[in-house]
Amino acid sequence: MVRVLIPILGMVCLWWWWASYADAEDMKYKDPRQHVAVRVKDLLSRMSLEEKIGQMVQIDRTVADPEVMKSYFIDSNTEVYIETLNTIKSLSYFVVESMLFGARGALVKILSLSPVLCSVLSGGGSVPLPKARAEDWINMINKLQKGDPDLVRRIGAATALEVRATGIPYVFAPCIAVCRDPRWGRCYESYSEDHRIVQEMTEIIPGLQGDAPFLRKRVPFVGGKKKVAACAKHFVGDGGTTKGINENNTVIDRHGLLSIHMPAYSDSIIKGVSTIMVSYSSWNGEKMHANRELVTGFLKDTLKFKSDDRCLYSVYATWIPVFHTTYNESLINCQGFVISDWEGIDRITSPPHSNYSYSIQAAIQAGIDMVMVPFNYTEFIGDLTNLVNNSIIPMDRIDDAVARILLVKFSMGLFENPLADFSLVNELGSQAHRDLAREAVRKSLVLLKNGDNKTNPLLPLSKKAQKILVAGSHADNLGYQCGGWTIAWLGFSGNNYTRGTTILGAVTSTVDPGTEVVYRETPESDFVKSNNFEYAIVVVGEHPYAETLGDSMTLTMADPGPDLIQNVCEIVKCVVVIISGRPIVIEPYLSSINALVAAWLPGTEGQGITDVLFGDYGFSGKLPRTWFRTVDQLPMNVGDSHYDPLFPFGFGLTTESVKDLTRSTSAGVGEKPYLLTAIVSVVLSLLFAGMVICGYPEWIIHR
């Protein structure tokens, strides 16, 4: 009997193994051993039109629930089962607009052909915990002055860890706009007025996504569960609109567009950026969301942000024991997907949404692959379905869009790891990341003035002064330090929504225990006169803002900043710290100020500012954008014929660090600050492999 059972058992095992193998061969998209191109091709062939269009939709979290996701195949092709004590709306979210699966206290089981990515987005600024602070990273890196790609890469890696800790695999960063007019309300999202600095700062992409192997350059790459997919935005020319008006028209010839606003996209693609977001703005009157010439013709074809048959099918198999297949290929033509901005396709028409079917047709045919609807998903799905069924939009355009989206998802490992990794929870706000943030703050500060001459500078400040004054609306306000896009779309005011160190707190913890620190937000001149302050630290600037609400034709500091400078700085030696997302009007007050520091939006780590004010580290930052005298000069950028700035592009005084400082504030520092001379290089344009590539002259900002 045993002799009979053994052969039967062996046959059963062989049959089971062969059935499993055959099933795996049949469902290649489920097999992580298969090359991503093979998996994409296999999965795409199994999808209905409804499922494909579901992949192309991104909705807001406030309208997302399991029934909607299931019924409309929102970024999911079959059943999506969610077992949780709370609804999907209660899941945890981060400032970047994406969806979290795997919130604390919730079990999310995805049984689908395609895991959810980017199908649900938060409305611009919610966070995983009331005290979470990872959200300020992007604000911080977007104002690095000195040009430190290695620092940016490290910040990108830390950002990826903290985002992944919340369960999110995708960030809408970096913003690689070249801000040519500080009146623009999104100028603080830009690195510089000079495209070469912006190009250097694309080094954040391998920080976020990981270093792609040499053979995978130009290919979407996310290096494991501690990395995220990046998104370069906003394509293209968003920083060059007339008068800096948000979502306005960029009037510039083709050469100017390609030489100023396009180079960083070429760099981003070479570094394997996974996605690119289209701009609300227009180029010479044509909406970017409907600009097929630039989105498909230049971005996808000329810059090779493309995914075609040469990518999906140019594979060959290498057999190795036992019945295990690996795939090798040339991935030069594999790239990620293009995503719209929030309701971006609605704004193709004026007024918005006045001819929605046309807007959908124009956007999809222009080359947009995923659409941020975010609420009106039923109309979008219905209209797009009709456009395809009526052969107005060809099926191969839909297949191209979905193939790109699936390519990114497979590259991210979402099919194998769709849930949040709780082992990363301690990365949120870790001390190592705070230290890195603090380093970024002190390296980004720009010293604009330090005394009236080189023999009597105010900085570094003494830690052992008997009595000092800290004043200003921004001195004890984390919300103001962080700026917009933090916690909420327009940011916040106060210290109750995130953890961190205010500038006042940093000063208090830095000075000698015997130093009396007096804080008054708006001290009157009589109060200042009646106290024997050795010096004052005045912290003023802009209130938080975002997008169009940040557009300003005056660029004045928030009240009562000007009066405060007069009340304090005309009586006692003072250093004024400007908290702002851009240069603001300062010339009328400059003569009253002993020392002036541009601190930009430093985020939560206020001690990065006191590290340099008190001499533990020296000032080293340089201006990445021109500081104007009056708004009447704008737009004014380095190289313009009417260039007459208050502080030129590349300006920044330096100091040396002073350890164990004991001198009085009237003594000199002994070191001579210097102005880094900007050497204007000739920009070379090269035509190579069908691509317009801007030359890389010697970078005029000290690295």
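Reply: Gladly. The buried residues of α10 are P263, A264, Y265, S266, D267, S268 and I269. Please keep in mind that this is a predicted model.

Me: What makes helix α10 largely enclosed by the rest of the structure?

Reply: Helix α10 covers residues 263-270, and seven of its eight residues are buried, so the helix is largely enclosed by the rest of the structure.

Me: Why is the pair D399 and K52 called a salt bridge?

Reply: The closest N and O atoms of D399 and K52 are 2.6 Å apart. The cut-off is 4 Å between a side-chain nitrogen of Lys or Arg and a carboxyl oxygen of Asp or Glu, so the pair qualifies. This pair links distant parts of the chain: D399 belongs to helix α15 (residues 395-412) and K52 to helix α3 (residues 49-55), 347 residues apart. The structure holds 30 salt bridges.

Me: Why is K52 called buried, and why is D399 called partly exposed?

Reply: K52 has a relative accessible area of 7%, and buried means under 20%, so K52 is buried. D399 has 23%, which falls between the 20% and 50% limits, so D399 is partly exposed.

Me: How do you know that R347 and E247 meet in a salt bridge?

Reply: Their N to O distance is 2.7 Å, and that is within the 4 Å limit, so the label holds. R347 sits in the loop between β12 (337-339) and α13 (356-366), while E247 sits in the loop between β5 (231-235) and β6 (249-250), so the pair ties together parts that are 100 residues apart in sequence. R347 counts as partly exposed at 24% relative accessibility, and E247 counts as partly exposed at 24%.

Me: Why does D400 count as buried?

Reply: Its relative accessibility is 19%, and the limit is under 20%, so D400 counts as buried. Its salt-bridge partner R404 is buried with a relative accessible area of 2%. The N to O distance between D400 and R404 is 3.2 Å, which is within 4 Å, so this is a salt bridge too. Both residues lie in helix α15, four residues apart, about one turn of the helix. Salt bridges that share partners join K300, D369, R397, D400 and R404 into one network.

Me: Which residues make the contact of α6 with α16, and how do they divide into nonpolar, polar and charged?

Reply: Helix α6 (residues 149-165) packs against helix α16 (residues 431-444) at an angle of about 145 degrees, with the axes 10 Å apart. The crossing of α6 past α16 is left-handed. From α6 come L151, R154, I155, A158, L161 and E162, and from α16 come H433, L436, E439, A440 and K443. These residues divide into six nonpolar, one polar and four charged.

Me: Which residues touch the most other members of the largest nonpolar core?

Reply: Those are F235, F380 and L384, in a core of 96 residues. Helix α15 gives the largest share of this core, with 10 residues. Leaving aside neighbours within four places in sequence, F235 is in contact with residues including M262, Y265, I276 and L299. Apart from this core lies another, of 65 residues, F533, A595, W600 and I609 among them.

Terms used:
Residues numbered from 1 in each chain as written. Predicted model: local features only at pLDDT ≥ 70, side-chain atom pairs only at ≥ 80, totals over all residues. Heavy atoms only, no water. Helix = DSSP H or I, 4+ residues; strand = E, 2+ residues; numbered from the N terminus. Buried < 20%, exposed > 50% of the residue type's maximum accessible area, 1.4 Å probe, protein only. Axes fitted to C-alpha atoms, helices over the stretch in contact; angles between N-to-C directions. Left-handed = near helix turned anticlockwise from the far one by under 90°. Contact = heavy atoms within 4.5 Å. Nonpolar A, V, L, I, M, F, W, Y, C, P; charged D, E, K, R; others polar. Core = buried A, V, L, I, M, F, W, Y, C linked by side-chain atoms within 4.5 Å.
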